[in-house]
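Student: Can we go through this structure together? I'd like to start with the contacts.
Tutor: Fine, terms come before the details.

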Amino acid sequence: MSWWAWVLIALVLLVAWYLSQTAGRLDRLHRRVDAGHVALDRALLERSSVAGELAAARMPDPATAAVIGDAVHTARRADPVNQLQRSLAESNLTQVLVAAFDEPEAVSDCSELPGGEELMVDLESTTRRVELSRRFLNDAVRACRDVRYQWVVRVFRLAGHTPWPEPFEMDDTPPPGFGSR
Amino acid sequence: MDERLKVGIVCPYAWDVPGGVQYHVRDLRAALVKEGHEVSVLAPAEDDDNLPDYVVSTGRPIAVPYNGSVARLNLGVRSTRRVRDWIRNGDFDVMHVHEPLSPGISAVALWAAQGPIVATWHSSIEKSRALQSMFYLAQTVLEKARGRIAVSELARRTLVDHVGGDAVLIPNGVECAAFSDATPFDGWPGPGKALFFLGRLDEPRKGLDILLAALPRIAERHPDVRVLLAGPGDSEDIVKKLPPDVADRLTFLGLVSEEDKVRAFHSADIYVAPNTGGESFGIVLLEAMASGTAVVASDLEAFRRVLDNGAAGRHFTNGDPADLAAVVSELLDDDAARAELVDVARDRAWLYDWGRVTREIVDVYRSVRMPGEKVTEDLRGQFVGRLARRSAGDS
């Protein structure tokens with residue numbers, strides 16, 4: 001074979017290698033986005049269930065418990081497919097929890113009630129997990145979009161039919177009573 | 001909710017050579033095991049025979065100049081194979097890679113694995129064009145880390161500026177309980193009050209000069225004040241340059257053991273941190289706070305953060321001996337203010353306790369993982385690996 005045929009073969013192999021590499025990378029990023037959605041979904045459910053237990057036990061006081069219970073109910077009823085509705089309902093629960101545990105005394109008072117200590121530990125962990133998993137999800141979405149914007153990916157349709165990744169926006173401020181560094 | 005996790009931690013630096021990252025990994029492992037998780041650590045080692053059984057060695061490290069100092073790292077085909085074996089046989093729920101940008105097994109582990117992966121950035125790196133292009137190349141590997149942690153604000157900024165994206169800040173932990181109780185040295189702190197300094201004596205950035213310059217002024221109000229000093233460096237060299245009235249007040253301990261360090265904290269009324277720069281985090285401040293020693297520190301950004309802008313310890317203007325003397329004298333005078341400061345500081349130190357820090361790290365693990373998901377070997381994009389898998393018939 002003449003030299004240009006070898007060059008052509010090398011070129012084709014190189015392009016094939018690059019495409020396979022990028023397809024693999026994209027697949028990994030989509031998995032990362034999926035894992036992010038699953039983790040956030042779980043964290044939100046766990047948070048509302050801890051808050052629900054709090055409300056059921058009439059903690060920290062009956063009036064606050066009623067407000068928390070209402071927010072939990074709204075969050076639970078939100079349509080998981082309707083991102084905006086869900087985001088508003090979960091943000092509402094966040095704000096209620098922030099108002100209820102706005103200083104360390106509110107947390108320590110609640111910890112002293114029977115069964116309160118464990119609930120406070122769980123609430124701190126789940127609110128933190130909501131914040132963490134949402135940040136990791138949005139970071140994954142950003143990384144995934146960066147790759148999907150590349151022209152190679154668009155021209156060769158490397159993303160297949162995978163939906164365009166969407167971030168999840170909500171207020172996830174942790175209650176200030178848990179202390180911050 | 002409290003499932004037990006099987007965690008694989010990768011430490012790129014030689015396990016049997018002392019260093020900050022190694023200590024961090026050691027303490028993190030201990031705390032994770034205490035919470036009921038299972039941990040395996042992968043690290044290079046000078047001597048494979050003297051390792052604790054939870055460490056898997058990747059062989060002898062070689063000295064590589066990296067980020068302004070010499071790091072002892074693993075490179076090469078043999079260590080790469082050991083990393084792959086560890087990933088394949090580990091069956092980990094989460095892999096936690098430390099210092100992923102160091103040219104060693106951390107980068108190899110990121111490259112060879114996929115699934116729930118967390119990475120922790122420890123150091124900060126100056127911005128440069130050469131590194132910028134390296135980060136670009138490393139991007140495809142770095143994006144495998146689903147959860148990214150920085151131990152200090154400086155490390156976080158390095159990551160965000162160079163690599164892009166986001167990272168959560170989870171600081172180094174302090175074993176608070178280990179500091180809360182100790183017997184002071186005989187006769188310390190004494191009625192004349194005592195100060196404590198910890199750090200290299202001959203490193204200007206540790207600021208010993210500033211403390212020594214402030215001492216005569218402190219002695220005007222407190223004629224019997226003494227200073228305890230711990231840290232490596234030639235003490236005679238320092239003493240001979242000082243007037244006898246200052247030199248007589250100093251007691252040098254040299255390089256101290258962990259146990260004597262705790263005793264020293266309990267032997268003083270005030271821990272002084274006159275550092276002039278180069279601190280990205282104030283772990284020693286936290287140790288003093290956990291010991292119940294009042295803290296006076298320069299107003300570096302890292303210190304302001306740890307002391308909550310003066311709520312958990314007093315600040316003085318960085319590099320100003322007169323201000324240091326004034327702040328220390330005032331605090332020595334007022335026993336009630338000191339006791340109050342110590343109370344606030346002790347509570348604050350608990351925010352950085354290893355137990356709490358570990359719970360946060362476990363929350364990170366849970367946030368990057370789908371239920372039942374495992375870390376697996378990544379064979380994608382590698383023709384040889386793919387063919388091997390094809391012929392094994394499980395693709």
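Tutor: Two residues are in contact if their C-beta atoms, placed from the backbone, lie within 7 Å. Helices (H or I, at least four residues) and strands (E, at least two) are DSSP runs, numbered from the N terminus. This is a predicted model, in which local features need pLDDT of at least 70 and side-chain atom pairs count only at pLDDT 80 or more, while totals for chains, interfaces and linings use all residues. Residues are numbered from 1 along each chain as its sequence is written, and chains are lettered from A and ligands numbered from 1 in the order in which they are written.

Student: Which residues of α4(A) meet α5(A)?
Tutor: On the α4(A) side they are A:Val107, A:Cys110, A:Ser111 and A:Glu112, and they meet A:Gly116, A:Glu117 and A:Met120 of α5(A). By class, this contact has three nonpolar, two polar and two charged residues. Ala, Val, Leu, Ile, Met, Phe, Trp, Tyr, Cys and Pro count as nonpolar, Asp, Glu, Lys and Arg as charged, and the others, Gly among them, as polar.

Student: At what angle do the axes of α4(A) and α5(A) cross?
Tutor: Roughly 135°, and the axes come within 6 Å. Axes are lines fitted to C-alpha atoms, for helices over the stretch in contact, and angles run from 0 to 180 degrees between N-to-C directions. The two helices are therefore oblique to each other. Angles under 35 degrees count as roughly parallel, over 145 as roughly antiparallel, 65 to 115 as roughly perpendicular and the rest as oblique.

Student: And α1(B) with α15(B), what's the angle there?
Tutor: About 80°, with the axes 10 Å apart, so α1(B) and α15(B) are roughly perpendicular to each other. The contact is made by B:Asp27, B:Leu28, B:Ala31 and B:Leu32 of α1(B) with B:Trp354, B:Gly355, B:Thr358 and B:Ile361 of α15(B).

Student: New topic. What order do the strands of the open sheet in chain B have?
Tutor: The seven strands run β3-β2-β1-β6-β8-β9-β10, with parallel pairing. Two strands pair if DSSP finds at least two bridges between them. β3 (55-57) and β10 (168-169) of chain B stand at the edges with a single partner strand each, so one side of each has no neighbour in the sheet.

Student: How many bridges join β1 to β6?
Tutor: Four bridges join β1 (residues 6-10) of chain B to β6 (residues 94-98) of chain B. B:Ile9 stands opposite B:His96 in β6(B).

Student: How is chain B divided into domains?
Tutor: Domain 1 is 6-173 + 354-392 and domain 2 is 176-350; the bounds come from an automatic or database domain assignment. Their centres, taken over C-alpha atoms, are 36 Å apart. Eight residues of domain 1 of chain B are in contact with four of domain 2 of chain B.

Student: Last one: is A:Ala63 buried or exposed?
Tutor: A:Ala63 is exposed, because 9 other C-beta atoms lie within 10 Å. A residue is buried if 20 or more other C-beta atoms lie within 10 Å of its own, exposed if 12 or fewer, and partly exposed in between, with C-beta atoms placed from the backbone. A:Ala63 is found in helix α2 (residues 62-77) of chain A.
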